[in-house]
Every structure is written in C-alpha cells, then in structure tokens.
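Got a new structure open and wondering where the labels come from? Let's go through a few of them together.

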Amino acid sequence: MRIRGLFVLGALAFVATGCSSIEPWVKPYDRENLADPIMVFTRAPISQDFLDHVFESREGSRGATGGGGGGCGCN
Amino acid sequence: MSARTVSGIVKALALAAAFVLPAFAATTATGPAPAFKLSARGGKSVDLTQFKGQVVMINFWASWCKPCRDEMPLLEDIYKKYKPMGFTMLGVNVEPETKDAEAWLGKLPKPVTFPIAFDVDSKVSKLYKVETMPSTVIVDRKGNVRVLHRGYKTGDENVYLTQIRSLLKE
Amino acid sequence: MRRLFVAITCLGFAGVAGAGVLPEDRADVLYFRYDGGGVTIDGPSMLVRKSIGEHVSVAANYYIDMVSSASVDVETSASPYKDERTQGSLSVDFLHGKSTYSVGYVNSDESDYQAKTLFAALSHDMFGDLTTISLSYKQGQNDVFRNVKTDGVVANDPAFQEEMESKGYSVGVSQIITKNLVLSGQYEVITDEGWLNSPYRSVRFFIGQDQQGQQPEQYPNTRSSNAASIRAKYFLPYRAAIDGMYRFYTDTWGVVGHTAELGYVHPLDMAWAGGNWIFEGRVRYYRQTAADFYMDIFPRADFSNFMARDKELATYNAITAGVGTTYEFKIERFPWLTKGQINFRYDHMMVNYDDFRDARYSLGSFGTLPEDPLAPGTEPLYELRANIYQLYFSAFF
C-alpha cells in the first residue's frame, strides 16, 4: 500500500514536469470569477462536516467527499 | 500508530517535497520595458514613455485579490517617500470592468495618490507576461526592466525599498 | 451507537483551500438538530482557525452529539436510550511556496465507542495555479464496548471489549477549466480491520413458515472500499454559482452506492441595507444496493457465515433536499472583524428501502407485541423521513 502511494506521488511529479510545454490558458488576471467567495466548493467546513457525518452514518458509502482548488491563485 | 507507518508518511511527504519547486519571489528580468498607453483614473491617460528618466515601479493588481489590497497602502508610502528623488509608482488594474476597483479605491481610509491605469482588455498584462497576482516590475531610468517580483507577502515592501534605492542612485 | 466515520469528518476538516494560500482565519459556532426515524440528535459544534505568521494555520474543533434514540432497530430489539458523543480535533497546515502540508488528530468519545484518528495531507498548486494535486493518509484506532443495564444503571459490560483499525488513502486533482469553471476529482480507498459490527444489533430468520427468531449479527472482520467522485462548479454571468457532483462507491462487502448532488448559490448584495444575503438550494440523490450478506429475514438460523440486517447495508434510495440562507454583515465598531455571518439551513431527507421491512408490525415496539401482528416477511417496507436543522454563526478576522 505504501509503495503504491509513493508510486502515485512519483507519477504525479513526472506529469507535473512534463506540463511545461502547454501554457496555462487561464491567466492570473482572469481569475476574478474564480476568486469570488461563492465559487468555493465548501463555504462552511463546520456545516459540511456535519452533513457529511449525517450521510455517512446512514449510508453504506464512505469517502471521496473532499474538494478544493479554484480560487484566486494569488501569491 | 506504528513506527513503520510514521516513517512511511514522512518518506512520502519528503519525496513530495523534493519535487516541489519553491516559489521564487523575485527574479532579475532584463530588457527594455514594453511601451504602453492606457486610460487612467480621473479621466487622464498614462504613457510609459512619459516617465523616462525616472525609476518606475509598475504594480499589477485587482480589487478581488487580497494580497494586492494588502499591499496598496504600503505602495502609497513608498511613492510619497521617493517621488521627490525621481521615482514614480504606477498601478495597473487588470479588471475588465473598472467599477469595482474605483469603488474600492474611493473607500480607502488612506487615499492612493499615484496614477492608476486600467488595463481592461489585459493587453499590458500579456505584454509583461504577468504570471501572478500581484506582480511588480521595477523599471530603471533608462527604461529597462530590472526587477520582477511575484506575489506579495508581509515584508516584501522592505525588499522593494532596497531595490528602489539602488536604482535611484544610477 | 456505532460511529465508524470520525475519520471522514476530519478529512473534510483538513480542507484544501487552494494549496498556495493558507485557509482564512475564522470562528464558527453551529447548533444542529437531526429529527427522524425515532432518532433525535442535537448539539453544538465549534471551530476556530487562526494563522500564525505567514506559513502556519491551526484549527481546532469541538463537537458534541446528544443522541436520543428510539429508532426502528432499537424498538424491535432493545429499549430507548440516550447517549452523548464528544469529538475534539486539532489540525495544523504548513504553507511552503505552492504546497500545503497538513497534519491532524481527531478524538471521539462516547460511552461505548472510542475512536482516535491521525491524518496527514499534502496539496500542491502547479501549472500556473490551474491545477491542485492533493494526497492524504489517515489512520484510525477504535475501541468498541457494549453497554448493559444492571439494576437500572447503564455501564460497560466488563466482559466485552473489541477493537478495529481503519486506514484511508486518497488522491485528488482540482483543475481550472475556464475563467468560470472548476472541476475536481477524488479517489479514496479505505480499509477497515477488526470488529466491524454492532454489539446491539441482531438479524432475524424464519422458524417454520410464519414464526421468526433473532440472533446477533455476524460481519466479516475486514472491509475494503473504493470511492471515486467528480465535482464541478460553474460561475453564472449574473453572479451566482451552480455545482454538481457524482460519486461511485464499491466495497468488498458488495455494497454499491451512487451519489449525485446538484446545488445553486445565489448572492444578493445589499450593502445599502447593511449587509448581503446568500441563498442556497441543494438536492442530493443516493442509491445503494445491499451488501452480499444482508437480508431482511434469513431463511433459517445460522444461514451463512456472515449475516446482517443493518438498514445501512440494505438496498434503498434516498433524496435529500435543502435550502439555506446566509446574512453577511460588517460591524463598524469591530474593524478586526472582516465579516460576520448568520446562517440557517434546513434539509429534508426521504429514504425508501427496497429490502428492509418495518419489523415493528410483527415484533412490536420495545417488547410489546402489536394487536394484530403481521406474519414475518410480510411487513411493509420501511420508509424514513428526517428533518435536519442547522443554525450557525461565522466570524472572519
């Protein structure tokens, strides 16, 4: 399991270095809408965590509930 | 949690860190600063060539960008301090609509007195290859780009002061 | 009550706000209430997140569930009970360049279940900050006890103590597609090992044609699951956002789950009225097919090595619809308060089981048989309706 994890990391890093031939198509000065607070996947972690817990307690499914990224891309 | 698991996590994170290139805040760019002319705040217009002979600090910013907003009062201080020595600050706002920027500037407790140009179709941002928000470029008296600074973190203003002072001496 | 999902809560908690920027400082206080299927759970949850310098952010959460339960399972096999679960967690995020490293610990305590979870996560912004990669690992150590009532006093049965261990790995990618669209995918593997069932729940079986008996449930002592999800969020030109998500789940117990959710967020800037409003609507659809060893009523006692009658492992579909409002304001007297929010959210959950019957029609309630008991296996299929309320205050500073 651990070896698989390291492999995934290595693969991702490899992909990362290979990406330099394509230019990022959304420029940092175009990120106004993405930076809007309503565009965040989880506005209130305290509320989302509670609801995730409600569903998990009643369902057989678990996992893959997180989300991130987007945003202002500043700094 | 077993020692093996802990060491596994540490190894995984260390491996990840090895692939992570630290974000460099400033690089020494070279070459003549691309010329541009934009309409500015207060109905005026701004042309980079009008500042030849002065040290110019061009700051690309947007009202939706928090580090940009944090940086603004510090840029105003730098402008006031070095203006008599042949320095000018030029803010380039990159938003397609100017109303949000104008509204924010109007509400500042410490008003901004240096010129603010509006790059509504991102022409100048593309020209200067802006890759981060904010981005700061310092142009010397001869019109060459000497410093490119990406982002803003507390304390960066001190770096700016040192760089401006050395360019003013030229 | 079983709470095997503490670790999942803390992973949402670890949160990925965008790897190259620390999450914003905030304090939230939530009061929640779940009411449905004979179960009432309410309590507070408090969260504080503060950054220290430019590179570190610390968050602490304290949460209490007060459970009052007379669920359909409890009615047919036990007596109503009350319990309280307390959960505390602490996490730290380190920002270095475009990467965020997180570590955290969650501790959950109730009278018959103790769960401790450790997690570590890494996220990294790349490709002009258009792509964020996230990796995480969590490990949980849980102790299971059983409450028994002796002379009216409820305490842990000294003869019963079991353990289970849980490990989870997840990898996620978030990608900006256009100026208005962001997509995010996640894959998570969780493996549980140890004592995985409930010390209170039983299964039922036919005795002859129309009688039934009960025996304790029997679960495997391992469970390995895979979940893959994709979510999208799109900015609408008049300033609103629409989002969707789909998750596919399978595990070694044979459970297959499909989750789909659609949401809409609509802000109304009314600075002239002293504040802004945000309205949100959400619909979530969930469909599950039962575990391999699940049956509402088994053909006979000791039918198979593994037997379950937990409705969480049954075949069913559920729709949850919710609405929420947020009122956002600033207070002149407190300039350090960037913004304050009052939030209210209501969700209604409707669950219809395909192979779980309402055994109260044959077994009665809390030991009292019904007037006209139905033959086992002929009871109506169970339906659950629940109301979920949340009221929370958030302060950003």
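This is a predicted model: local features need pLDDT of at least 70, side-chain atom pairs count only at pLDDT 80 or more; totals for chains, interfaces and linings use all residues.

Q: Why is Ala64(A) called buried?
A: The cut-off for buried is 20 or more other C-beta atoms within 10 Å. Ala64(A) has 28, so buried is the word for it. You'll find Ala64(A) in the segment after helix H2 (45–58) of chain A.

Q: And what makes Arg239(C) partly exposed?
A: Arg239(C) has 14 other C-beta atoms within 10 Å. Exposed needs 12 or fewer and buried needs 20 or more, so Arg239(C) lands in between. Its place is the loop between strand S12 (222–236) and S13 of chain C.

Q: What is the peptide bond between Met133(B) and Pro134(B), cis or trans?
A: Cis, with omega at about -5°. Most peptide bonds are trans. Pro134(B) sits in the loop between helix H4 (123–127) and strand S7 (135–139) of chain B.

Q: How do you know which element of chain C has the lowest mean pLDDT?
A: Confidence runs from 0 to 100, and helix H1 (residues 6–14) of chain C comes lowest among that chain's elements with a mean of 35. Strand S13 (residues 240–251) of chain C is the highest, at 98. Over residues 1–18 of chain C, pLDDT stays under 50. Chain C as a whole averages 91.

Note on methods: Residues are numbered from 1 along each chain as its sequence is written. Chains are lettered from A and ligands numbered from 1 in the order in which they are written. pLDDT is the predictor's confidence in each residue, from 0 to 100. Helices (H or I, at least four residues) and strands (E, at least two) are DSSP runs, numbered from the N terminus. Two residues are in contact if their C-beta atoms, placed from the backbone, lie within 7 Å.
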